[in-house]
Amino acid sequence: RSYTRMYELEANNRKTEIAFLRSQINPHFLYNTLTMICGMAAEGMTDKIILVTGALSQIFRYSIKGNDMVSLREELEIVKSYLMIQKERFADRFTIEYNFSDDAYDCLIPKMVIQPLVENAIFHGLEAKSEAGTVIIESAFQGNNLLLTITDDGAGMDSETLEKVRASLH
């Protein structure tokens, strides 16, 4: 009986963490995007404004409607919208690679969990790097489980910080 209660508490904790991640459209991302749109307007870049505002509205619409679980295909469409905005902002500072098997696209995953991880890869991994970098988004199956991985070739972190992060995860 106590194991069941512990499992329920752990499941509720995971749902709360996922809801928190989903609600986190970074205010800096929104501010930077709106500032970029203002700059485009000042330059008369109407076509780019239409693309960026369309992608931004798609991200917000997706984050507030629908189910908690979505197909990987749906989630990647939103990630691609996010990345289109970031590539417009950062020009040629990074490239994106996708590596998915065909059978992964229909797998259900929690909504809005990939975008915050990609955002972290760009800002904490690539932003400090002086030359262009790469973000890789990929999947693999481990048994019946889908493993999603986001990696970057950015500046990284020193070993002390890495140990603190690892310790906090345990």
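I take a polar contact to be a pair of N or O atoms within 3.5 Å; within protein, one of them must be able to donate a hydrogen and the other to accept it. The model I am reading is a predicted one.

**Entry 1: Glu75**

With that cut-off in hand I looked up the side chain of Glu75. One of its polar atoms lies 3.0 Å from the backbone nitrogen of Val113. I placed Glu75 in helix α4. Is Glu75 buried or exposed? I find a relative accessible area of 1%, so Glu75 counts as buried, the cut-off being under 20%. I then listed what Glu75 touches, leaving out residues up to four places away in sequence. Val113 is in that list, together with Tyr62, Val70, Ile109, Pro110, Lys111, Met112, Ile114 and Gln115.

**Entry 2: Met112**

Met112, one of the residues that Glu75 touches, sits in the loop between β3 (108-110) and α5. Its relative accessible area is 1%, and I note Met112 as buried. I checked the backbone as well. Most residues other than glycine have a negative phi. Met112 has a positive phi, near 65°.

**Entry 3: the chain as a whole**

I stepped back to count elements. The protein chain has six helices and five strands. Along the sequence I read the pattern α-α-α-β-α-β-β-α-β-β-α. The protein chain has 170 residues, and 31% of them count as buried. I also looked at contacts between residues at least 6 apart in sequence; 74% of these join residues at least 24 apart.

**Entry 4: the sheet**

I traced an open sheet of three strands, in the order β2-β4-β5 and with mixed pairing. Why is one side of β2 and of β5 left without a neighbour in the sheet? β2 (94-99) and β5 (145-152) stand at the edges and each has a single partner strand, so one side of each has no neighbour there. From one strand to the next I get an average twist of 15°.

I took the two pairings in turn. β2 and β4 run parallel and are joined by six bridges. In this pair, Phe94 stands opposite Gly133 of β4. β4 (residues 133-142) pairs with β5 in the antiparallel sense, over eight bridges. For this second pair I noted two positions: Phe141 is opposite Leu146 in β5, and Val135 is opposite Asp152 in β5. The hairpin of β4 and β5 has two residues between the strands, and in it Gly143 takes a positive phi near 65°.

**Entry 5: helices on the sheet**

Which strands does helix α4 touch? Helix α4 (residues 72-90) packs on the sheet and touches β2, β4 and β5. I get about 165° between the direction of α4 and that of β2. Helix α5 (residues 114-126) also packs on the sheet, with β2, β4 and β5 as the strands touched. For α5 I took the angle with β5, which is about 25°.

**Entry 6: Ala91**

I looked up the loop between α4 and β2, where Ala91 lies. Ala91 has a relative accessible area of 43%, and I record this residue as partly exposed. Ala91 and Ala132 are 41 residues apart in sequence, and I find 9.8 Å between their C-alpha atoms.

**Entry 7: the largest pocket**

I give the largest pocket a volume of about 600 Å³. Which elements supply at least two residues each to its lining? They are α5, β5 and α6 (159-169). α5 gives the most, with five residues. I wrote down the lining residues: Leu117, Asn120, Ala121, His124, Gly125, Ile150, Thr151, Asp152, Gly156, Met157, Leu162 and Val165. Asp152, in this list, is the residue that Val135 stands opposite in β5.

**Entry 8: α6**

Last, I looked at α6 itself. How many of its 11 residues are buried? The number is zero, so α6 lies largely in the open. I also looked at the start of α6, where a side-chain oxygen of Asp158 reaches to within 3.1 Å of the backbone nitrogen of Glu160.

Technical notes:
Residues numbered from 1 in each chain as written. Predicted model: local features only at pLDDT ≥ 70, side-chain atom pairs only at ≥ 80, totals over all residues. Heavy atoms only, no water. Pairing = 2+ DSSP bridges. Helix = DSSP H or I, 4+ residues; strand = E, 2+ residues; numbered from the N terminus. Axes fitted to C-alpha atoms, helices over the stretch in contact; angles between N-to-C directions. Contact = heavy atoms within 4.5 Å. Buried < 20%, exposed > 50% of the residue type's maximum accessible area, 1.4 Å probe, protein only. 1 Å grid on protein atoms, 1.4 Å probe; cavity = no way out; pocket = protein on both sides within 12 Å on 5 of 7 lines; lining within 4 Å. Points joined across faces, edges and corners; volume = space filled by probe spheres on them.
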